[in-house]
Amino acid sequence: GAICQKLPFSRAYHTPWFEVFSKPLKQHFDRLRIGQAQVALYSCVTAGPYPQDPEEIRSLAAVQWSSTVRFRETIEGMHRDGVRLFVEIGPRSNLTGFTDDVLRSKPHAAIPSNVQHRSGILQLHHMLGQLVAHGVYAKLEHLYAQRAPRPITEKIKPKQIGRAHV
């Protein structure tokens, strides 16, 4: 009665079979300097914020690939802690849809940075527009530095909106 699907990759990510890679990952993280976080970073291993201690951070980061992903619990915890804007950095916007499913009627905005049906630059503009509409300050100078935009100087008249009767 189970629904099964062959996954499109050959590694057992997020399972105990991936533990063999945790030790080399830990050795790699041991060589990195861990600074103080500017914003809370959440772990889908613990479903809560990362610890403050650099050694605990390294250990947690090393086991994430061999641990179960607790996505639902993490999103719920972030929302409970006051997070309302969720930006997905990655292809296809799957996590944006999952976030919307988890939070359903709760106040939030899940915004993808990449979708299949729009070019990258068009989606970047959509994402920035949504973030600005939600009160996020955006410095856009670099985005337009090489594009020579021109300011709109004429007054734009609102178009009359027609009504459709069904």
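This is a predicted model: local features need pLDDT of at least 70, side-chain atom pairs count only at pLDDT 80 or more; totals for chains, interfaces and linings use all residues.
Begin with helix H1, which covers residues 22-30. Its partner here is helix H2, made of residues 54-63, and the axes of H1 and H2 come within 8 Å. The two axes cross at roughly 145 degrees, and the crossing of H1 and H2 is right-handed. On the H1 side, the residues that take part are Ser22, Leu25, Lys26, Phe29 and Asp30. On the H2 side they are Glu55, Arg58, Ser59, Ala61, Ala62 and Val63. Sorted by class, the contact of H1 with H2 has 5 nonpolar, 2 polar and 4 charged residues.

Serine 22 can be looked at on its own. Serine 22 has a place in helix H1 and is in contact with Ala62, Val63 and Ser66, if its neighbours within four places in sequence are left aside. Is serine 22 buried or exposed? The relative accessible area of serine 22 is 12%, and buried means under 20%, so serine 22 is buried.

Helix H3 holds residues 71-80 and helix H4 holds residues 94-103. The axes of H3 and H4 come within 10 Å and cross at roughly 65 degrees. Crossing angles from 65 to 115 degrees count as roughly perpendicular, which is why H3 is described as roughly perpendicular to H4. The crossing of H3 and H4 is right-handed. From H3, the contact uses Phe71, Arg72, Ile75, Glu76 and His79. From H4, it uses Leu95, Phe98, Thr99, Val102 and Leu103. The classes in the contact of H3 with H4 are 6 nonpolar, 2 polar and 2 charged residues.

Next come two residues picked out by their backbone angles. Most residues other than glycine have a negative phi. Alanine 47 is not a glycine, yet its phi is positive, at about 65 degrees. Where does alanine 47 lie? Alanine 47 is in the loop between strand E1 (42-43) and strand E2 (48-49). With a relative accessible area of 13%, alanine 47 is buried. Arginine 92 also has a positive phi, near 75 degrees, in a residue other than glycine. Arginine 92 sits in the loop between strand E3 (85-88) and H4. The relative accessible area of arginine 92 is 46%, so arginine 92 counts as partly exposed.

Proline 112 belongs to strand E4, residues 109-112. Proline 112 is buried, at 12% relative accessibility. Which residues touch proline 112, leaving aside its neighbours within four places in sequence? The contacts of proline 112 are Glu88, Ser93, Thr96, Gln123 and Met127. Further along the chain, histidine 125 is 13 residues from proline 112 in sequence, and the C-alpha atoms of proline 112 and histidine 125 are 11 Å apart in space.

How many disulfides does a search of the whole structure find? The search finds 0. Cysteine 4 has a relative accessibility of 69%; exposed means over 50%, so cysteine 4 counts as exposed. Cysteine 44 has a relative accessibility of 29% and therefore counts as partly exposed.

Conventions
Residues are numbered from 1 along each chain as its sequence is written. Side-chain values use heavy atoms; hydrogens and water are left out. Axes are lines fitted to C-alpha atoms, for helices over the stretch in contact, and angles run from 0 to 180 degrees between N-to-C directions. Helices (H or I, at least four residues) and strands (E, at least two) are DSSP runs, numbered from the N terminus. Angles under 35 degrees count as roughly parallel, over 145 as roughly antiparallel, 65 to 115 as roughly perpendicular and the rest as oblique. A crossing is left-handed if the near helix is turned anticlockwise from the far one by less than a right angle, and right-handed if clockwise. Contact means heavy atoms within 4.5 Å. Ala, Val, Leu, Ile, Met, Phe, Trp, Tyr, Cys and Pro count as nonpolar, Asp, Glu, Lys and Arg as charged, and the others, Gly among them, as polar. Buried means under 20% relative accessible area, exposed over 50%, partly exposed in between (1.4 Å probe, protein chains only). A disulfide is a pair of cysteine sulfur atoms within 2.5 Å.
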